[in-house]
Amino acid sequence: MAPYAATLFLGAFLLFGIQPLAGKYALPWFGGTPSVWTTCILFFQAMLLGGYAYSYASARWLTPRRQAQVHLGLLGVTLAVLAGRALLAGSPVAPGPEWRPGAAEGISTPRLLAMLAATLGLPFFTLSTTAPLLQSWFSRVRPGVSPYRLYALSNTGSLLALLAYPLLVEPSLGRSVQSWVWAAGFLLFAAGCGLCARGMLRLGEGPARARPVEDGEALPPGVGRTLAWLGLSAGASVLLLGTTNQLSQDVSAGPFVWVLPLALYLLTFIIAFEREALYSRPLTAVLLLLAMGGVTHAVYKRSGLDLPLQVLVHSGALFSGALLFHGELYRLRPSPRHLGSFYLWVSAGGVLGGLFVHLLAPRLFRSYLEYPLTLIACCLLAALLLPRRSAQETRFRAALRLVPALLLLLVASSLGMAVSAPHQEVASWRGFFGVLQVAETGARGDVEHLYKLRHGIILHGYQYSSPERRRRPMAYYTPQGGLGLALTEQRRLKEAAGLPPSLRVGVLGLGVGATAAMGHAGDILRFYEIDPQVIALARGEGGYFSFLSDTPARVELVEGDARLQLEQELERGQAQGFDVLAVDVFTSDSIPLHLFTEEAMAVYRRHLAPGGVLALHISNLHLDLMPIALAHARSLGLHAARVQTPQQGDTSLSVWMLLSQDARFSRGDTFLREGERVERLAFTTSPRVRWTDERSSVLQVLHVLGVDYEGIRAEPLEAPASVAAPAGP
């Protein structure tokens, strides 16, 4: 049994270890949003279905010897492909630059799927055949011994791979090193498969069914049981993806957040498939009841929970719901004879769930509504199944009578809250880049009436509708904020040098276009925005926002991923020469990591004019990005100042990092008047934490875990004898 156990474990580890690495390669080129990961999961689920179909067909129609020969041939071809890619492309699995979307192509789901298929398709398919095929082989070589515990062991390997990635692999190894280590692991896996295949080759050319058929075992599963397999696995898949969307839009789109839901999902597989006694309907129903109450509070009340509570609530809901689905799935398992068809239908259900979330849900729902609806379905299923107790569960019969009633009461309450739409939403959109909602406050026609744009739970800007107030700078984009101070000081310096005070300003992230309220006549404001719906709203669609049309400055809009667009402009020799370049690229409360790495900052610096300033908006509920911004300043030879603005009137609480080419910039008159709100910071030693395209980890800057400030010092506040004006344009 040892070769089977070791090979299954290693195969599962490699199978799930490559998934976050693939997502990390895909993020910089395809928008840095949660949908990138859900698209990757859809691809992986489809490959799993293909692998299970291969295993099912092999076990059903091929003799043992032929099965082993065909599979060894598949392993040989896969190893040859990996070796060929390593020689020709320089990496066994990394995508080449030819997959980067061009300026005219935009972000494309088919292109992302094609990239995954070309780089990972064959090795992932080969790995996906492992669990069902080796279990089938084991049941032939060792008849009478249940192979289902091998399935639990396989899921344990998957779980460990997911936990190891954000905690050990991502902070320690760059992407290119990870790909080579993974390829070495695949070579060991292929050797293990060869050892397992020896047993099948020894069975010779005998009949495909090498053991006696027990009573009732020859009967295939009925339509009802097959549909139950399909439905339960699809429900668990929808719940997994819904939880992933819910968490990643509010924290960060990256491996650290992705692996937690997937790890919990696999943990429920392990518990359910290790042995039936580990799954308890009553306990699962009680956990689901508690978790559903927390989710109802968090989702529909927009309570702004702290990160630990937010993660706990959604993780508890996923764990209890997936355990219910998988526990019932295991109770409906067939005999080992029908193992292949069972795994095939379970995999098909996972693909159906992925297709629903990725293709149908965006067309049916204006928000991530499939998440609470799936939890409601879990509650209904638990209320239906709970009266069917086993003999071991009768001790709590009296108390358990209340649980179905409470579950049904919670379902009714949740549906009522969903229908009531308590947040005064007037419009909502859901697309590849997330959920956008426009809400209003105050009565229309009143001077206090305004419209708000939300992305997830985070406010992305608002604007008064009355003519006398609609041009007022708002939120993070006021003269008192960090960006406003940078613009004011640049105008002052230009005037001091006898130059026109007009500015060329670049802004990464459009929102409602509130930055335009700080524009003056003669200014050029160039916005980079990836979401076409955001552009439409800022341009006035629906009549909610008018900053772009109201500003006296000239406005330029560039649609697409900001980093890709800026890189392609440099390739065309079109450096923009910005006096100020603002990086404000929130996706809900998360920042796409590929827009905040050293390589990205180097691109931004090349677009600055002499004396230009890079303004980084680092306000964040969960992440402390100040050390990362300081590390970037050190690597680029820039001088950093942090500007903290308190909540006051129409000015929102914000933190900006200003990176300037001149150390005296943040000591100009504009900043000296602000006193302690402006702090000059620098590293005195080499930064311990740096973000690059090869290596970056959210884990290192989470508020709740503490952030390393060693080596950071504050510079004195006094003004120098003089502050030089910038060079000419």
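**Salt bridges and a nonpolar patch**

Student: At 11% relative accessibility, does Arg469 count as buried or exposed?

Tutor: Good place to start! This is a predicted model, where local features need pLDDT of at least 70, side-chain atom pairs count only at pLDDT 80 or more, and totals for chains, interfaces and linings use all residues. Residues are numbered from 1 along each chain as its sequence is written, and side-chain values use heavy atoms, with hydrogens and water left out. Since buried means under 20% relative accessible area, exposed over 50% and partly exposed in between (1.4 Å probe, protein chains only), Arg469 at 11% counts as buried.

Student: Which residue does Arg469 meet in a salt bridge?

Tutor: A salt bridge needs a side-chain nitrogen of Lys or Arg within 4 Å of a carboxyl oxygen of Asp or Glu. Arg469 lies in the loop between strand 4 and helix 16, and its partner is in the loop between strand 2 and strand 3, so the pair ties together parts 21 residues apart in sequence. (Helices, H or I with at least four residues, and strands, E with at least two, are DSSP runs numbered from the N terminus.) At 2.9 Å, N to O, the partner is Glu448.

Student: How many salt bridges are there by this rule?

Tutor: Another one joins Arg690 and Glu598 at 2.6 Å. Arg504, Arg526, Arg554, Glu556 and Glu569 are linked in a network of them. By this rule, the count is 21.

Student: Which helix gives the most to the nonpolar patch?

Tutor: The patch, about 440 Å², is made by Phe13, Leu160, Leu163, Leu167 and Leu168. Leu168 is exposed at 57%. With four residues, the helix that gives the most is helix 6.

Key: Patch = residues over 30% accessible without salt bridge, like charges linked within 9 Å, V, L, I, M, F, W, Y side chains within 5 Å. Areas by Shrake-Rupley, 256 points an atom, 1.4 Å probe, with all protein chains shown as cover.
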